[in-house]
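Open the structure in a viewer and keep the sequence panel beside it. The tour below gives a selection at each stop and says what is there.

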Amino acid sequence: MRRKLRKGLYAGTFDPITRGHYEIIARATKLVDHLVIGVAQNAGKGPMFDSKTRVKLVQAEVQSLVDKGAAIEVQTFDNLLVHFAKEIDADLVIRGLRAVSDFEYEFQMAGMNHYLCYDIETVFLMASDRHQFISSRFVKEIALLGGDVAPFVGESVYKALLKKRDSGKRA
C-alpha cells in the first residue's frame with residue numbers, strides 16, 4: 001500500500017521574501033513531500049508589492065530548490081489559513097520563529113487553528129542565528145532609506161526593492 005504524500009503549507013505575506021523565509025522553506029522541503037507556499041493577499045496590511053509580484057519574487061527565490069528536486073508551488077490566498085490549508089489538502093502548517101517574542105502569537109494562532117481544524121498540525125521551525133534578526137518590515141525600511149539590503153534578500157528581491165525605491169524618489 002502506498003503512503004499518502006505529506007503536503008505542507010508555509011504561509012506569509014512575503015512582502016518581500018527574505019533569506020530567513022528561504023531558509024525555513026528549504027528546511028520545510030525536508031519535512032514534506034510537497035510544499036505549498038501561500039502568499040497572503042493581506043491588502044489591509046498595505047503591502048509594498050502586489051500579490052502577483054510577491055508570487056513572482058517567491059517563485060524566483062525558490063527556483064534553486066525546485067531545480068534540486070523539491071516539489072514546491074506558490075499560490076495566493078485571501079481566506080483563513082486553516083481554510084486554505086484544507087482547500088489544498090495540507091497535512092501540516094509550517095511556521096517560522098525568529099525569537100521568543102514570536103512564540104506567544106504563533107502559539108495562540110496554532111491553538112486557534114487546531115480548534116478550527118483539528119486534523120491539521122502546526123510545526124514550528126526556529127530561524128538560524130544568521131537570520132533571526134531579519135524581517136520584511138526592516139528590509140523594506142532599510143531599502144527605502146537607501147541602506148544596503150543585499151545580505152538579507154535574494155537578487156531578484158534586491159532588484160525589485162531598488163526599483164521601488166528609485167521610482168519613489170522620482171514621484
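This is a predicted model: local features need pLDDT of at least 70, side-chain atom pairs count only at pLDDT 80 or more; totals for chains, interfaces and linings use all residues.

## First stop: a helix residue

Select Ser-64, which lies in helix H2. Helices (H or I, at least four residues) and strands (E, at least two) are DSSP runs, numbered from the N terminus. Ser-64 has a relative accessible area of 31%, so it counts as partly exposed; buried means under 20% relative accessible area, exposed over 50%, and partly exposed in between (1.4 Å probe, protein chains only).

Residues are numbered from 1 along each chain as its sequence is written, and side-chain values use heavy atoms, with hydrogens and water left out.

## Colour by confidence

Colour the chain by pLDDT, the predictor's confidence in each residue, from 0 to 100. The protein chain averages 91, and 97% of the residues score at least 70. Among its elements, S3 has the highest mean pLDDT (98) and H4 the lowest (83).

## The sheet

Show the strands next. They form an open sheet of 5 strands in the order S3-S2-S1-S4-S5, with parallel pairing; two strands pair if DSSP finds at least two bridges between them. Strand S3 (72–77) and S5 are at the edges with a single partner strand each, so one side of each has no neighbour in the sheet. From one strand to the next, the twist averages 30°.

Select strand S1 (residues 7–12) together with S4: 3 bridges join these parallel strands. Leu-9 has Val-93 as its bridge partner in S4. Helix H2 (residues 51–67) packs on the sheet and touches strand S2 (34–40) and S3, its direction making about 165° with that of S3. Contact means heavy atoms within 4.5 Å; axes are lines fitted to C-alpha atoms, for helices over the stretch in contact, and angles run from 0 to 180 degrees between N-to-C directions.

Move to strand S4 (residues 92–97) and strand S5 (residues 121–126), which run parallel and are joined by 6 bridges. Here Val-93 has Thr-122 as its bridge partner in S5.

## Aromatic rings

How many aromatic pairs does a search of the whole structure find? There are 5. Rings of Phe, Tyr and Trp (its six-membered ring) pair if their centres lie within 6.5 Å; planes under 30 degrees apart count as stacked, over 60 as edge-to-face and the rest as tilted. Select Phe-77 and Phe-84, a stacked pair with 4.6 Å centre to centre and 5° between the planes. Both residues are buried. Then select Phe-103, Phe-107 and Phe-124, which ring pairs link into a cluster.

## Backbone details in the loops

Most residues other than glycine have a negative phi, and most peptide bonds are trans. Phe-14, in the loop between S1 and H1, has a positive phi of about 50°. With 3% relative accessibility, Phe-14 is buried. Select Pro-16 in the loop between S1 and helix H1 (19–28); the peptide bond from Asp-15 to Pro-16 is cis, with omega near 0°.

Finish at Asp-89, in the loop between helix H3 (81–87) and S4. Its phi is near 65°, also a positive value, and Asp-89 is partly exposed at 47% relative accessible area.
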